[in-house]
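The exercises below ask you to read helix packing and backbone geometry from a structure. Try each task before you go on to its solution.

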Amino acid sequence: MFHVLGRLTFAGALSFLVIQLWTRRRVKPSDALDLLPESQDSRQSKDRWLSASDFFPRQKLVPFGSPAYESFPDPPRLPPRRAFVPQEDEDFVHRLWKVNTRPRVSLWIAPRAEHWMALDRFGRNVYLKLCPRYSEEWQILEYLADSTPSRHPWNRTIPTRGFFRTRRSVVIVQACWGTGAFSPTWDSLRTRLFLARQLLQGLAYMHMMGVAHGDLHPENIVCNHEDVRFSRKSGTSFQSTFDFQLAFIDFENSVRVPAGHSQAITTVFGIPPEPFAAPELIPADTVDLFAADVFSAGQLLQFELNGNTADSGHDPPTVPGYLALIAKMTARVAPQRPSALDALGELEQIICDHI
């Protein structure tokens with residue numbers, strides 16, 4: 001989602017622009033734009049953000065980098081009762097509250113040209129993404145988004161707060177969940193199987209809706225805690241101490257296949273990093289992105305096991321059926337992999353047999 005300490009000049013200049021707009025002071029657009037680096041891509045980003053600049057006060061958002069961001073009241077102390085359908089008196093995530101400390105964006109996060117952070121009117125962190133109007137990303141997210149109480153229990157798309165059209169772009173506003181869903185690694189066999197179930201439920205739901213994610217890797221799976229890495233200090237079974245939930249983000253490479261159409265995709269716009277990219281994607285030809293998603297999900301489960309071994313120095317608690325399922329999902333030949341729904345069915349049987 002973010003570049004680490006990237007494009008600081010742009011971030012500072014954009015902060016200047018939105019702060020002026022927020023406080024309603026008169027400012028010439030060129031005053032901020034003159035501070036930005038010159039390139040064709042940066043000029044396009046500048047134009048898009050400038051066209052969306054009145055979005056912040058209109059939606060009552062406090063942009064990251066403004067003085068008001070640091071002094072804004074704390075978010076609600078109550079964690080969400082339903083992670084994917086938070087209420088106005090609830091935060092989006094669980095937090096480790098400290099005396100005289102308010103949650104804020106980590107200092108190592110530097111927003112990219114197309115990304116920004118803000119606080120909503122309740123003091124909760126939201127993530128903003130600026131997309132061209134022709135982008136399929138916001139259309140797919142709008143298609144999958146559901147903030148109603150009847151939301152499908154397998155829908156693990158990150159909670160979306162709205163889609164706001166500007167003159168040239170669409171701004172996606174999402175709840176900001178914590179990074180590092182796989183670090184620390186999962187703390188028990190029960191947790192491992194239950195979180196694997198969440199991952200496969202979310203993937204099966206997307207595929208049933210005709211959507212292939214196309215970019216599954218650890219950074220695109222988030223969890224409903226501000227930062228799970230704090231748990232390393234406690235030495236306790238972390239994920240078992242509250243309603244730990246996983247969600248999918250970043251649908252930039254996603255594809256929606258209408259019902260009745262072939263799942264074979266001839267144009268691939270981007271692929272996950274290794275080792276999460278399916279072999280048929282390198283080099284990409286005509287591929288089944290749904291089968292490629294299953295490979296990536298299997299690699300995510302293997303990644304968690306490998307990380308647990310590295311952390312503890314010994315093999316993590318698991319069962320043969322779970323390892324066999326991962327092996328099927330990561331088969332080198334795409335037709336040999338189960339569908340996401342079939343993989344979920346096998347996992348449910350493993351859970352029934354061992355939990």
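**Exercise 1: helices α8 and α9**

In this predicted model, helix α8 (residues 289-312) and helix α9 (residues 320-329) have axes that come within 8 Å and cross at roughly 140°. Work out how the two helices are oriented to each other, and which residues make the contact.

Solution. Two packed helices are described by the angle between their axes and the distance between the axes. The crossing in which α8 passes α9 is left-handed. On the side of α8, the contact is made by Val294, Phe295, Ala297, Gly298, Leu301, Gln302 and Leu305, and on the side of α9 by Tyr322, Leu323, Ile326 and Met329. Sorted by class, the residues of this contact are nine nonpolar, two polar and no charged.

**Exercise 2: the length and ends of α8**

**Exercise 3: bringing in α7**

Describe how helix α7 (residues 189-208) packs against α9, and then how α7 packs against α8.

Solution. Begin with α9: the axes of α7 and α9 are 12 Å apart, and the helices pack at an angle of about 25°. Because angles under 35 degrees count as roughly parallel, α7 is roughly parallel to α9. In this pair α7 passes α9 in a left-handed crossing, and the contact joins Arg192, Leu193, Ala196 and Leu200 of α7 to Tyr322, Leu325 and Met329 of α9. The classes here are six nonpolar, no polar and one charged.

Now turn to α8: its axis and that of α7 come within 11 Å and cross at roughly 165°, which makes α7 roughly antiparallel to α8. The crossing of α7 past α8 is right-handed. Residues of α7 in this contact include Arg192, Leu199 and His207, while those of α8 include Phe290, Asp293, Glu304 and Asn308. By class, the contact of α7 with α8 has ten nonpolar, two polar and three charged residues.

**Exercise 4: two backbone details**

Which peptide bond is cis, and what is the phi of Lys60?

Solution. Most residues other than glycine have a negative phi, and most peptide bonds are trans. The bond from Glu274 to Pro275 is cis, with omega near 5°, and Pro275 lies in the loop between β12 (264-265) and β13 (287-288). Lys60, although not a glycine, has a positive phi of about 55°, and Lys60 is placed in the loop between α4 (55-58) and β2 (62-63).

Key:
Residues numbered from 1 in each chain as written. Predicted model: local features only at pLDDT ≥ 70, side-chain atom pairs only at ≥ 80, totals over all residues. Heavy atoms only, no water. Axes fitted to C-alpha atoms, helices over the stretch in contact; angles between N-to-C directions. Helix = DSSP H or I, 4+ residues; strand = E, 2+ residues; numbered from the N terminus. Parallel < 35°, antiparallel > 145°, perpendicular 65-115°, else oblique. Left-handed = near helix turned anticlockwise from the far one by under 90°. Contact = heavy atoms within 4.5 Å. Nonpolar A, V, L, I, M, F, W, Y, C, P; charged D, E, K, R; others polar.
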